[in-house]
Amino acid sequence: MSTVWPGEAYPLGATYDGAGTNFSLFSEVAERVELCLIAKDGTEHRINLEEVDGYVWHAYLPTVTPGQRYGYRVYGPWDPGAGHRCDPSKLLLDPYGKSFHGDFDFSQALFSYDLTAEPPGTGNPPQVDSLGHTMTSVVINPFFQWGSDRSPKTPYHDTVIYEAHVKGMTQTHPGIPEELRGTYAGLSHPVVIEYLQSLNITAIELMPVHQFMHDHRLLDLGLRNYWGYNTVGFFAPHFQYAATRHAGGAVAEFKTMVKAFHDAGIEVILDVVYNHTAEGNHLGPTINFRGIDNAAYYRLLDGQLEYYKDFTGTGNSLNARHPHTLQLIMDSLRYWVLEMHVDGFRFDLASTLAREFYDVDRLSAFFDLVQQDPVVSQVKLIAEPWDVGEGGYQVGNFPGLWTEWNGKYRDTVRDYWRGEPSTLGEFASRLTGSSDLYEATGRRPGASINFVTCHDGFTLNDLVSYNEKHNEANGEDNRDGESHNRSWNCGVEGPTDDPEVLALRAKQMRNIMGTLMLSQGTPMIAHGDEIGRTQSGNNNVYCQDSELSWMDWSRLESNADHLEFTRKVLAFRKRHPAFRRRRFFEGKPIRSGDQVRDIAWLTPAGTEMTPEDWGTGLGTCVAVFLNGDSIPAPNARGERVVDDTFLLCFNANDHEQDFVTPNGDYAAEWTGDLDTSSPTGDSGLVVAAGEKISLQARSLLVLRKTA
């Protein structure tokens, strides 16, 4: 029999202090709570929690140490019509669990209704015990030797984000030992870190690493929830990504990974999913939140409390209006910063968190809490500024502290390079940092997370190789995934041996990568785009844990030119502050008496664009003058920033276009620095003022002022 002391209500979860463990669980609806300690043979020892403070049930067990598996049983009302779904036959995971063990078998034991009932989900719980059919929580050792670890704290204007999947990035890498592939240890292996450094990456953004669950439907199809947007626990690193197999080992391995990235000057950003959980709708399993306090943790349908509001397309939405749910989210964020040392978060479907009632509220309680939090407010906060509910598309509407995935940037750059008409004005806004979206809220160009591809959708290679999605492997008859991709296959759908098509595709990839790195804002690359990774036209590989979605490292050799170009253009951006300004352009001279402005838009004839020009057939060709002597924001030491002056020439036409270098105030001698018509971006061009340049069809040229 375990010795039981009263313990403390805070912190929530299981907290080992070096001697014993404090257990604490919130449930307002509970009438009784049992802490269940699970032995190695699978048997359990139940302890009735006698202490309750403010609906928090707690106890301290002086004999419990790291590695102990546990769960909870919550006794209370079973009344779905009133929003309550307590079922003590279910061993429930700790919402604050730092590590988990085991798996779910999706038998009747996980469900609080008879799976054979008609209509589905009706009737009383069949009282089948879920012990042995579900995961268990694990007490962890929180102590770790961080040494002198510190966050790189790279400012947004110097940041280049690399979105990656822990398993997909490393599963086939020949330089990583087999036993480390697909793991945190594999991701932080020196060969991966050196590779990212060679690209000048400053931050790696990891797709979900919170403990997640594979969907039953996918498992029946022989598939898996590869992406991981199906969270079980918001405090635990996904233990299947750990090479260390002992209970709780994933925590130390994750911390070791973060420390290795920090030592290399690379930040770690987590893609987090606080908008919903893996329990799904009213037909989902009961694994934690549903059985602990359903009405507190979830948004329920007004007047029909047995059903869930779904702003996420996954079956449920977390109730970010409830103080204890808000506390869980904020406690989780602080835990990952303070204990796991991560440097920021990308919030999946962030609009859902801002919904106070139906509408997205920019001043919701969640944003208020983040704004005043001394820990969370100081790290990188990136919103995916939309959800699937009405009014959920909120690009540009998040508060001043936040940056956003700029979906308008993605769409505009895709449309421009595939030759869609009437995109030039929009293209100019996106190229210069999207001040129309962010300046009114006091934000700067870095608030725009510029991306053209990400995990969701085509890879860069597939964007220029397919007109249509090809998702048949997902088992949904190609109905899933976005159908309007703004892609162009360059004349042939999918694989081809046609050298002209292949050359055009390679050039289009350079055009897009080049545009991304020459744009004001914070660029993000999807992992593998630098070596032409393909998913064979599948734009929704959320369920494909296979070679289809993993990095194919053999492309380092087969696409060596594109890799060299990517390295070159990222190094170019790093060298030149003209492309990573801290403040928006003003379109006027920076100092009194100057005639040359900070930016000027020119026609192919070398003359300044007029309002009439923006509306004419020049919509696929433009030149941009960037004055490197007109950068108003000083550097971190207060020193004036001066750079070279550049002329960018864009030609999205399907034919050659003559450009004339400007005369008058903008006259100069120009030297080519980057040319996407070259496989590696090399350019030996030298031109004088007023000289004509013939720019290849669908290409981009960067000229630097040399005299």
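Reader: Which residues in H9 meet residues in H10?
Author: This is a predicted model. In it, Lys408, Tyr409, Thr412 and Tyr416 of H9 are in contact with Leu424, Glu426, Phe427 and Arg430 of H10.

Reader: At what angle do H9 and H10 pack, and how far apart are their axes?
Author: The angle between H9, residues 407–417, and H10, residues 424–431, is about 130°, and their axes are 9 Å apart. Angles over 145 degrees would count as roughly antiparallel and those of 65 to 115 as roughly perpendicular, so H9 is oblique to H10.

Reader: And is the crossing of H9 and H10 left-handed or right-handed?
Author: The crossing of these two helices is left-handed.

Reader: New topic: how many disulfides are there?
Author: A search of the whole structure finds zero. For Cys490, the nearest cysteine sulfur belongs to Cys621 and is 17 Å away.

Reader: Are Cys490 and Cys649 buried or exposed?
Author: Cys490 has a relative accessible area of 6% and Cys649 one of 2%. The cut-off for buried is under 20%, so Cys490 is buried, and Cys649 is buried too.

Reader: Lastly, H15. What span should it have?
Author: At 1.5 Å a residue, the 16 residues of H15, 560–575, should span 22 Å. The end C-alpha atoms of H15 are 22 Å apart, which agrees.

Reader: Which residues of H15 are buried?
Author: They are His562, Leu563, Phe565, Thr566, Val569, Leu570, Phe572 and Arg573.

Technical notes: Residues are numbered from 1 along each chain as its sequence is written. This is a predicted model: local features need pLDDT of at least 70, side-chain atom pairs count only at pLDDT 80 or more; totals for chains, interfaces and linings use all residues. Side-chain values use heavy atoms; hydrogens and water are left out. Helices (H or I, at least four residues) and strands (E, at least two) are DSSP runs, numbered from the N terminus. The expected span of a helix is 1.5 Å times one less than its number of residues. Buried means under 20% relative accessible area, exposed over 50%, partly exposed in between (1.4 Å probe, protein chains only). A disulfide is a pair of cysteine sulfur atoms within 2.5 Å. Axes are lines fitted to C-alpha atoms, for helices over the stretch in contact, and angles run from 0 to 180 degrees between N-to-C directions. Angles under 35 degrees count as roughly parallel, over 145 as roughly antiparallel, 65 to 115 as roughly perpendicular and the rest as oblique. A crossing is left-handed if the near helix is turned anticlockwise from the far one by less than a right angle, and right-handed if clockwise. Contact means heavy atoms within 4.5 Å.
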